[in-house]
Structures are given as structure tokens and as C-alpha cells.
Amino acid sequence: MTDLSTPAGSTPAGSTPAGRPALLGQNQYGKAENRVVRITRDGATHHIKDLNVSVALEGDMDDVHYSGSNAHVLPTDTTKNTVYAFAKEYGIESAERFGIHLARHFVTSQEPIHRACVRIEEYTWERIPAAGGDGPRHSFVRKGQETRVARITFDGERWQVVSGLKDLTVLNSTHSEFWGYAKDKYTTLKESYDRILATDVSARWRYGWTGGEESMPEWDASYERTKEHILRAFAETYSLSLQQTLYQMGARVIDHRAEIDEIRFSLPNKHHFLADLSPFGLTNDTGDGAVYLAADRPYGLIEATVLRDGAEPGIPAELTLL
């Protein structure tokens, strides 16, 4: 006799698949890319925070996968609502602090949830100045440099905060060489003793702060100073390879920012090739200013992590993949 209470082909609630089980591995769920804009009014002066927030939750979720029981599942719509409610209730002081509020809430308010990961992209705006410094202060233009990012993870006891940036485009028009490399029968690239070095910096850095009695870093100040050190190292390094420049950028951050234990970069080499102008009787020489073909692909991709001595690596490589 057929049991009509269990649809054909399904597994009864609370059980694992019949026969040799296919075991459930790592899993998570949540609401991705919640765009939240918070306007704060200080009289006629307004302030804007513009975030893209993704929440991923892990915990006791075997039943929902094996049987479809949603008893332990906080709806993803609820996580979305929480993002907007927290933006109003707590404000957005920084991407990192906002993520900490969210991660703590999900882990401490829902017993089945053991770990929360909040990923945030922040889009920055700058004020459009009024003529003569007077007039409305509520108009903004999107800053076109980089996107700030953060990932906050909490397991009920320890925090991990990884901050960073992406799409920070930089270029050195000289003080870059590339020669002495390995060659084989397929090598056609000519050695260069004066070239353009350009890249779109994608970087993630991990803070030593894990909670407890430790004081939180000053998130916004730390971000700005770290970005400054990355840019200064890029500008001040006479580069014989993009790998060398990457290491100098990371080492400078580790040397100058005590709150950071690890930094990882993904740097595409934005190739600039000397244009062949010989058919027109023109010499294209870097000595008097040259003309280049800027190629967007394919590109060399240089990735590496720089660690504080004694620190263990903790930034997943995929965090900085383009």
C-alpha cells in the first residue's frame, strides 16, 4: 500500500537518503546584495552611506537539506529586513562596525545559527561644493576610484574582519623594467628597460582583532591610512617586476599598520605596448615620450599574500580573484 503522506521519490522528515548516503558538506544560505543607502541629516548638511550587503549563515541545517524541514531556517527575506532595520536603528558608522552588528545579531538571536559571514561593498560619494561655500549641502557625486569592501565573520566566540578594496587603478609612466626572464622557443616578448606599469589593485587585509578584551581598530582611519601606504609604495618602488611591487606594497602596510597581520593582493598587469609607427616613418621612443597601445586582455595576473612574521595565513585566495 502506498503511503500518501510522503510524496513518491522524497525522503521522510528527519532521515538521511536511503541506501548509501550522500553526505551533506559545507553549506550556507542568506540574502545577497542588499543595496542600502542611509542618509543622515545634520541641519542643511547631509551625509550619505551607500552599501551593498550580503549575509551568509551557517549552522544546524541538515534537516532542511535532507527532508525540507524549515524549522531551523530564518527566511532570507528576514535577513534582508534586518539589514535595513539595523541601518536605521544603529546607523552606519563604518562598513566593518555595521557588519559586526549584523553578524552578532544573527548568531546570538538564532540558536541553530553558529556562524555568520557579512560581506559589504561600500560606494563612496563626495559632496558637490556650493558656490562660495554657501547654499545646499545635499548634493553628491560618486567617487570614481575604488570600491571599499569588508567581510565580517563571527562564530559566537571569535571575530575575523577582512577589509580591502578593489578597482583601484594605478599607473607609473616610468621607473619600471622587465628583463632577464626565462625564455624558451615560444618567447617573443622583448626585454624592456623603461615601460609603463599599470594595474587595478584588488587587496584584502586581515586585522589581528578577534574580539575579547582587545580594542577595536578605528576602521575608517585604518582603511584610509592603509590605502595611502599601498599607493605610496606603488609610486616609490623602482620596479623590476610587478611581483616586486606587490611585495613592497604589502610590506609597507605590515610595517606601518600594527593592527593588520596579513594582506593579499590580486594585480592584473595592464599591458601597454609601444605602437609600431615605423610604417609612417616615425620613431616611437620612450626617451622623448612614446605612444602606447593599451591592451585590456589577455593580461598577466599576479597574486600573493604578505604576512606579519609569526602570523598564520587566514585570507582565502578566492577573496581577491577578479
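A residue is taken as buried when its relative accessible area is under 20%, as exposed when that area is over 50%, and as partly exposed in between. In the predicted model examined here, V73 has a relative accessible area of 25% and is therefore assigned to the partly exposed class. This residue is found in the loop between helix 1 and helix 2, the latter spanning residues 76-90. When residues up to four places away in sequence are left aside, V73 is in contact with Y29, M61 and V64. The C-alpha atom of V73 is separated by 8.8 Å from that of I113, a residue 40 positions away along the chain.

Together with D60, D63 and E111, D62 forms a negative surface patch.

A contrasting case is provided by D261, which is found in strand 9, a segment covering residues 260-269. With a relative accessible area of 19%, D261 is classified as buried, because the cut-off for this class is set at under 20%. The contacts of D261, again without residues up to four places away in sequence, are made with R206, G208, I254, V306, L307, R308 and A311.

Note on methods
Residues numbered from 1 in each chain as written. Predicted model: local features only at pLDDT ≥ 70, side-chain atom pairs only at ≥ 80, totals over all residues. Heavy atoms only, no water. Helix = DSSP H or I, 4+ residues; strand = E, 2+ residues; numbered from the N terminus. Buried < 20%, exposed > 50% of the residue type's maximum accessible area, 1.4 Å probe, protein only. Contact = heavy atoms within 4.5 Å. Patch = residues over 30% accessible without salt bridge, like charges linked within 9 Å, V, L, I, M, F, W, Y side chains within 5 Å. Areas by Shrake-Rupley, 256 points an atom, 1.4 Å probe, with all protein chains shown as cover. Salt bridge = Lys/Arg side-chain N within 4 Å of Asp/Glu carboxyl O. Lys, Arg positive; Asp, Glu negative; His and termini not counted. Charge placed at Lys NZ, Arg CZ, Asp CG, Glu CD.
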